[in-house]
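The structure is shown first.

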Amino acid sequence: MLEGHVKLALDGKFLTGGIDEQIDLIELAWPACPGGDDLDGVGLWFLTTAPAGVVWITTDGQQVWT
């Protein structure tokens, strides 16, 4: 995030605020004691429940939304 290779987004819009604020949002939502249900049984929490998704920024500036 510091180098601009990764951004967090929700519903097609990049999150606002500083990096620390964005990371705090993820940390606060992360399950304290993740069980199978919290991680969708196969570790897909970030895709199913996280308050934001990851957008990778390629070296040529393209955005790869996950």
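This is a predicted model: local features need pLDDT of at least 70, side-chain atom pairs count only at pLDDT 80 or more; totals for chains, interfaces and linings use all residues.

Strand 3, which spans residues 53–57, is mostly covered, with 4 of its 5 residues buried. Two antiparallel pairings involve this strand: one with strand 1 (residues 6–10), joined by 4 bridges, and one with strand 4 (residues 63–65), joined by 3 bridges. The table sets out both pairings, together with a pair of opposing residues for each.

| Strand pair | Bridges | Direction | Residues standing opposite |
|---|---|---|---|
| Strand 1 and strand 3 | 4 bridges | antiparallel | Ala9 and Gly53 |
| Strand 3 and strand 4 | 3 bridges | antiparallel | Ile57 and Gln63 |

Strand 3 and strand 4 form a hairpin, and 5 residues lie between them. Within the turn, Gly61 has a positive phi of about 90°.

Asp20, Glu21, Asp24 and Glu27 form a negative surface patch. Why is Asp24 counted as partly exposed? Its relative accessibility is 39%, and the partly exposed class lies between under 20% for buried and over 50% for exposed, so Asp24 falls into that class.

Notes
Residues are numbered from 1 along each chain as its sequence is written. Side-chain values use heavy atoms; hydrogens and water are left out. Patches are made of residues with over 30% relative accessible area and no salt bridge: like charges are joined within 9 Å, nonpolar side chains (Val, Leu, Ile, Met, Phe, Trp, Tyr) within 5 Å. Accessible areas come from the Shrake-Rupley method with a 1.4 Å probe; for residues, only the protein chains shown count as cover. A salt bridge is a side-chain nitrogen of Lys or Arg within 4 Å of a carboxyl oxygen of Asp or Glu. Lys and Arg count as positive and Asp and Glu as negative; His and the chain ends are not counted. The place of a charge is taken as NZ of Lys, CZ of Arg, CG of Asp or CD of Glu. Buried means under 20% relative accessible area, exposed over 50%, partly exposed in between (1.4 Å probe, protein chains only). Two strands pair if DSSP finds at least two bridges between them.
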